[in-house]
Amino acid sequence: MDKNDLSIIANKIASEGIEIKNKDSLKDIYKLNDLKSSFDEFDILIKEVKYKKQELTLIFYLGLFNLIDFTEIKSCDIKKLDSYPLLKGGLIKYFLGHITITYKTPEISFNRNYFSFIDQWYSYKLHPMKPLFLLLNWIYRDDEEFFFDLFFKDNSNYLFITLVHGGIIDDFEFDETHIHLACDDEIKLYAIFYYLINPHHYLQNYDVENFKSNLSLIMKIPLNFLMKIVLDYIRSSHVNIVHMEFVNMIKENDALFYETFNRMEIYSFYELLSFLFLLKYNSANFQNTFFKCILKKLESLLMNKFIHIKIDDLKLFYSHLSKKQISEVLLLLIKIKENLVFVSEFDLQVRYEKYLIDIGKYDKLTELIEFSLSFK
């Protein structure tokens, strides 16, 4: 291998991305039948290079893993290679976003519920990064400490979330010593929470001791982040049981809970229902204060153009409330109905679109009020 060969690899990766389409064009560059010789040649070559040593070292290894699987170099300990420190530097730069390769990772963009976004991440995996994943598998096998430090440097969080979902390492395990719970990256903390809670998500067949261990780790997440994560977790439509540790955290930090809950966007009445179980916990003062928070969220939903509340869901809602609280909800429904503006025959003639919206809300509110009166 010479500088020209290295330039060929670099140009291909620069133009095509991490996974090269015409892999045969690389076969003459690497000595696949004698990988030790290839590594030795590269170690000599990279010493002669004056600039971008770390970047070119990363490119050398990405080119190699376009051709082989890391299992083909079982006997080679990556930490013993002279070029490994340069490779580590190149990977750190890539994870920090300081090296641009044609095929960039997509920008992380949350949609409403952060926990649901993390939970459904499988649909975002991209295959053209396989050579990088193979390289990372090799590092995971021989140098776990650097492997995890590297992922906590992932500026895009794309690779971090993919790792947590098992999309990079088969049978991946997050050892406690490698979880940086003190990091202030909200997305990574969401992903860690997901990883630790997910095996026990449905509470069917799980290892109790393992769950206790995972839960103790979860409770070490900084409180201001953990409160937001847990509330997002609660409102996920598939969460049926909330662990008492989370309930106790809410009870013991009620001021932070109210603040976090009030900041949350509640997008549906169904989401609001997810929190009603909390009304049976803690003091009467907690219940009264939290009910006021719920009433505000309900009012916000009722102010939308369309009201999507089924009678069965309203019945479930009322089953958690006292008679006094049901009366307060009824008064709110009546107030919203009385404040509707465009419901007259005149509006039908001259403000048809506004009329359609308000008359639809009027009819729906009438239905909800009639049910509420009968429920009382």
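The radius of gyration is taken here over C-alpha atoms, and the globule rule is 2.2 Å times the number of residues to the power 0.38. By that rule a compact globule of 376 residues would come out near 21 Å, but the protein chain has 28 Å. Its C-alpha trace spans about 85 × 55 × 35 Å along the principal axes. This is a predicted model, in which local features need pLDDT of at least 70 and side-chain atom pairs count only at pLDDT 80 or more, while totals for chains, interfaces and linings use all residues. Residues are numbered from 1 along each chain as its sequence is written, and side-chain values use heavy atoms, with hydrogens and water left out.

As for secondary structure, the chain has 19 helices and 0 strands; these are DSSP runs numbered from the N terminus (helices H or I, at least four residues; strands E, at least two). Taking contact as heavy atoms within 4.5 Å, 74% of the contacts between residues at least 6 apart in sequence join residues at least 24 apart.

Now to the inside. Of the 376 residues, 49% count as buried, that is, under 20% relative accessible area with a 1.4 Å probe, protein chains only. The largest nonpolar core has 138 residues, and Trp138, Phe193, Phe290 and Phe317 have the most contacts inside it. Helix H9 (residues 186–197) gives the most to this core, with 10 residues. Such a core is a set of buried Ala, Val, Leu, Ile, Met, Phe, Trp, Tyr and Cys residues joined through side-chain atoms within 4.5 Å. Leaving aside residues up to four places away in sequence, Phe317 touches Phe269, Leu273, Leu276, Ile294, Leu298 and Val329.

Note on methods:
Buried < 20%, exposed > 50% of the residue type's maximum accessible area, 1.4 Å probe, protein only.
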